[in-house]
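Let's take a friendly walk through a protein fold, one piece at a time. Please keep the structure open beside you as you read.

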Amino acid sequence: QVQLVESGGGSVQAVGPLRPSCVAFRYSNSSSSMGWFRQAPGKERDGVAGIYTGGGTPYYADSVKGRFTISQDNAKNTLYLQMNSLKPEDTATYYCAAEPGAYCSGRVRLMGRTTYRYWGQGTQVSVSS
């Protein structure tokens, strides 16, 4: 059973930065589709960024484009989300998700909740003005 563990959230003032990470345990696939999602209180869980770790175009929500960068270290089975120019509206619990061995492309698939079977427990990001 794949296990995803996020860390690196925290409380910061506007601008930030923060870099949450997600380590995948019991993960034997060299290439997978992975994504970052976030959920604010009272709101749905929305896609923030998605990537195919075997290479390809990453996708971002319009609200974070140009400020956030998704990346991976395949040797460490780790996914990152570099978050710059943070705003109070970025406050949410951030989750990583994985679909091992699956090649997904395009914004809808890589940033869609239904693409992913495995989810982490989330890491809280709080941004104050």
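Two strands pair if DSSP finds at least two bridges between them. Strands themselves are DSSP runs (E, at least two residues), numbered from the N terminus. This is a predicted model, where local features need pLDDT of at least 70, side-chain atom pairs count only at pLDDT 80 or more, and totals for chains, interfaces and linings use all residues. Residues are numbered from 1 along each chain as its sequence is written, and side-chain values use heavy atoms, with hydrogens and water left out.

Six of its seven residues are buried, so S5 is largely enclosed by the rest of the structure. Here, buried means under 20% relative accessible area, exposed means over 50%, and partly exposed is in between (1.4 Å probe, protein chains only).

Which strands pair with S5? One is S4 (residues 32–39), which runs antiparallel to S5 and is joined to it by six bridges. Within this pair, serine 33 has tyrosine 52 in S5 as its bridge partner. Another is S6 (residues 59–60), also antiparallel, joined to S5 by two bridges. There, alanine 49 stands opposite tyrosine 60 in S6.

Both pairs are hairpins. S4 and S5 have six residues between them, and glycine 42 in the turn has a positive phi of about 80 degrees. The hairpin of S5 and S6 has six residues between its strands, and glycine 55 takes a positive phi near 115 degrees.

**An open sheet**

Now look for four strands that form an open sheet, in the order S1-S3-S8-S7, with antiparallel pairing. S1 (3–7) and S7 stand at the edges with a single partner strand each, so one side of each is left without a neighbour in the sheet. From one strand to the next, the twist averages 15 degrees; for such angles, axes are lines fitted to C-alpha atoms (for helices over the stretch in contact), and angles run from 0 to 180 degrees between N-to-C directions. S7 and S8 pair over six bridges, and threonine 69 has glutamine 82 in S8 as its bridge partner.

**The nonpolar core**

In soluble globular proteins, nonpolar side chains tend to be buried together. A nonpolar core is a set of buried Ala, Val, Leu, Ile, Met, Phe, Trp, Tyr and Cys residues joined through side-chain atoms within 4.5 Å. The largest one here has 29 residues, and Trp36, Leu81 and Tyr94 touch the most other members. S9 (92–100) gives the largest share of this core, four residues. Tyrosine 94 belongs to S9 and is buried, with a relative accessible area of 0%.

**Empty spaces**

Rolling a probe the size of a water molecule over the atoms shows where empty space is left. On a 1 Å grid over the protein atoms alone, a cavity is a set of points where a 1.4 Å probe fits but cannot get out, and a pocket is an open set with protein on both sides within 12 Å along at least five of seven lines; lining residues have an atom within 4 Å of a point. Grid points are joined across faces, edges and corners, and a volume is the space filled by probe spheres set on the points.

| Space | Volume | Lining |
|---|---|---|
| Largest pocket | about 190 Å³ | 13 residues |
| Largest cavity | about 110 Å³ | 15 residues |

Arg38, Ala40, Lys43, Asp46 and Glu89 lie nearest the centre of the pocket. S5 gives the most to this lining, with three residues. For the cavity, the residues closest to the centre are Tyr27, Met34, Thr53, Asn74 and Asn77.

Most residues other than glycine have a negative phi, and most peptide bonds are trans. Where does this model depart from that? Valine 15 has a positive phi of about 100 degrees although it is not a glycine. Valine 15 sits in the loop between S2 and S3 and counts as exposed, at 53% relative accessibility. In that loop you will also find proline 17, joined to glycine 16 by a cis peptide bond with omega about 5 degrees. Serine 85, also not a glycine, has a positive phi of about 50 degrees. Serine 85 lies in the loop between S8 and S9 and is partly exposed, with a relative accessible area of 40%.
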